[in-house]
Amino acid sequence: MDRVILHSDINSCYASIERLYAPELAGKPLAVCGDKELRHGIVLSKDDIAKRAGVKTGEAIWQAKKKCPELQIVEPHFDRYAKYSKIVREIYYEYTDLCEPFGLDESWLDITNCLACPDGKQTAFEIKERVKRETGLTVSVGVSWNKILAKLGSDYKKPDAVTVIDREHFKEMVWPLPASDMLMVGRSTNAALRRMGINTIGEVANADVEILRARFGKSGVLLHIYANGMDSSPVRRVGEAPPPKSIGNGTTMPADVKSTEEAHLVVLMLAESVGARLRHEGFLCRTVEIGLRTPALEWSSHRMRLRYATDITAELYEYGMSLLAESHEFPAPLRSISLRALELVHADAPEQVDIFINYVNKDKQEKIDAAVDKIRGKYGNALIQRASIFGAIPADFGFCALP
């Protein structure tokens, strides 16, 4: 028997929630945008009026204003989004405990064995109307036999809609859609597919899987599986999510970084954040990656595999700076920097002893990090800082609170 999976997506989540707090903006195009003063001045979310005017998520405010001069700009309030996200999920939980969040605004629900939900389409309409009635927000809900197609269904028709993708109509509904509509197909993957002459989901489904594997590795095989409607991944309860494949953090600086000295401050703060998160989650990393973005928004990333797995802040910083030195030459400016830990392994996994490693110093560094984590966890991130960055940049700059 096929599963019955729903995917529910709050329409224009941030913008819709902000509109609840600003009824005077009714009928006007609205966009939620980052802080221009901190150079995060991009569109985070837009309503349907702005969308019809051509405004796109991720573009600069000036670009959005050029397309839609009457656009109303609202700053983000993430506490509001978390609040409404929780309210909406509480509605979902009344139907099934198999509810897997996908960001703040999306969730999968598995109602296969739910006696109170004998019909997926009927349940989707009931959830949609309840969310509207109880929160003032609208959702689009996709109904299908797996997670990938349920998500495609929620994107198929917006806003405030229910779309069923069943086996009978699967190919005629899904295969003509652009490949970029499928989960896992981002901008670079879509560009690579187009260079291969693959433009639609149907063309992905009918492509030679070995060619996709050769070009994209395991991800290419997954794309072929998804395009053929064969996804079998489960809907997980909260807390049952698989372990992360990477842990990272990045920041856009208030001013361009033009020297190694300035970059040192940023990379160290990022290493503090990534190291703390690794330790909190109980992981070590075997690979470190640094991402760089120029003022022209050109992006590049560079990585190195480590001699041994680590979660030590000082070592993450050293690897990050080494990658930066190898891949970028100052005074060419940088707009943003990110640091990511990859190839994660559990902290208690066995490790081959290496005679060239200074285990005494490694033990000292681990104890220092543990002490700093404990102090920050109890009193806040700003209470204890490294001398080299103290007073140089705001106390909360670059820190990521422990999850």
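Here are some notes on the structure above, point by point.

1. Ground rules. This is a predicted model, where local features need pLDDT of at least 70, side-chain atom pairs count only at pLDDT 80 or more, and totals for chains, interfaces and linings use all residues. Numbering starts from 1 along each chain as its sequence is written, and side-chain values use heavy atoms, with hydrogens and water left out.

2. The largest core. Start with the largest nonpolar core, which has 29 residues. (A nonpolar core is a set of buried Ala, Val, Leu, Ile, Met, Phe, Trp, Tyr and Cys residues joined through side-chain atoms within 4.5 Å; buried means under 20% relative accessible area, exposed over 50%, and partly exposed in between, with a 1.4 Å probe and protein chains only.) The members that touch the most others are Leu-6, Tyr-92, Ile-127, Val-131 and Leu-137. At least two residues each come from strand E1 (5-10), helix H1 (13-21), strand E2 (30-33), helix H4 (78-93), helix H5 (120-135) and strand E7 (139-144). H4 gives the most, with five residues. (Helices, H or I with at least four residues, and strands, E with at least two, are DSSP runs numbered from the N terminus.)

3. Val-131 and a second core. Leaving aside neighbours within four places in sequence, Val-131 is in contact with Val-88, Ile-91, Gly-136, Leu-137 and Val-139; contact means heavy atoms within 4.5 Å. There is also a second, separate core of 28 residues, and Ile-247, Cys-285, Leu-306 and Met-321 are among them.

4. Ser-45. You'll find Ser-45 in strand E3 (residues 43-46). Ser-45 counts as buried because its relative accessibility is 7%. A polar atom of the Ser-45 side chain lies 3.3 Å from the backbone nitrogen of Ala-15. Beyond four places in sequence, the residues in contact with Ser-45 include Ser-12, Cys-13, Leu-30 and Thr-57.

5. Salt bridges. The count comes to 24 salt bridges, each being a side-chain nitrogen of Lys or Arg within 4 Å of a carboxyl oxygen of Asp or Glu. Take Glu-18 and Arg-80, whose side chains meet at 2.8 Å, N to O. This pair links distant parts of the chain, helix H1 and helix H4, 62 residues apart. Glu-18 is buried, with a relative accessible area of 2%. Another salt bridge joins Asp-47 and Arg-19 at 2.2 Å, N to O. Here Asp-47 sits in the loop between E3 and helix H2 (48-52), while Arg-19 is in helix H1, 28 residues apart. Asp-47 counts as buried, at 7% relative accessibility. There is also a network of salt bridges linking Asp-9, Glu-106, Lys-151, Asp-155 and Lys-158.

6. The sheet. Four strands form an open antiparallel sheet in the order E9-E12-E10-E11; two strands pair if DSSP finds at least two bridges between them. Strand E9 (246-257) and strand E11 (299-310) stand at the edges with a single partner strand each, so one side of each has no neighbour in the sheet. The twist averages 15° from one strand to the next. Eight bridges join E9 to strand E12 (residues 334-346), and Thr-252 has Ser-336 in E12 as its bridge partner.

7. Helices on the sheet. Helix H12 (residues 260-281) packs on the sheet, touching E9, strand E10 (283-293), E11 and E12, and its direction makes about 160° with that of E9. Helix H13 (residues 313-327) also packs on the sheet, touching E10, E11 and E12, at about 140° to the direction of E11. (Axes are lines fitted to C-alpha atoms, for helices over the stretch in contact, and angles run from 0 to 180 degrees between N-to-C directions.)

Notes: A polar contact is a pair of N or O atoms within 3.5 Å; within protein, one must be able to donate a hydrogen and the other to accept it, and residues adjacent in sequence count only if both atoms are side-chain atoms.
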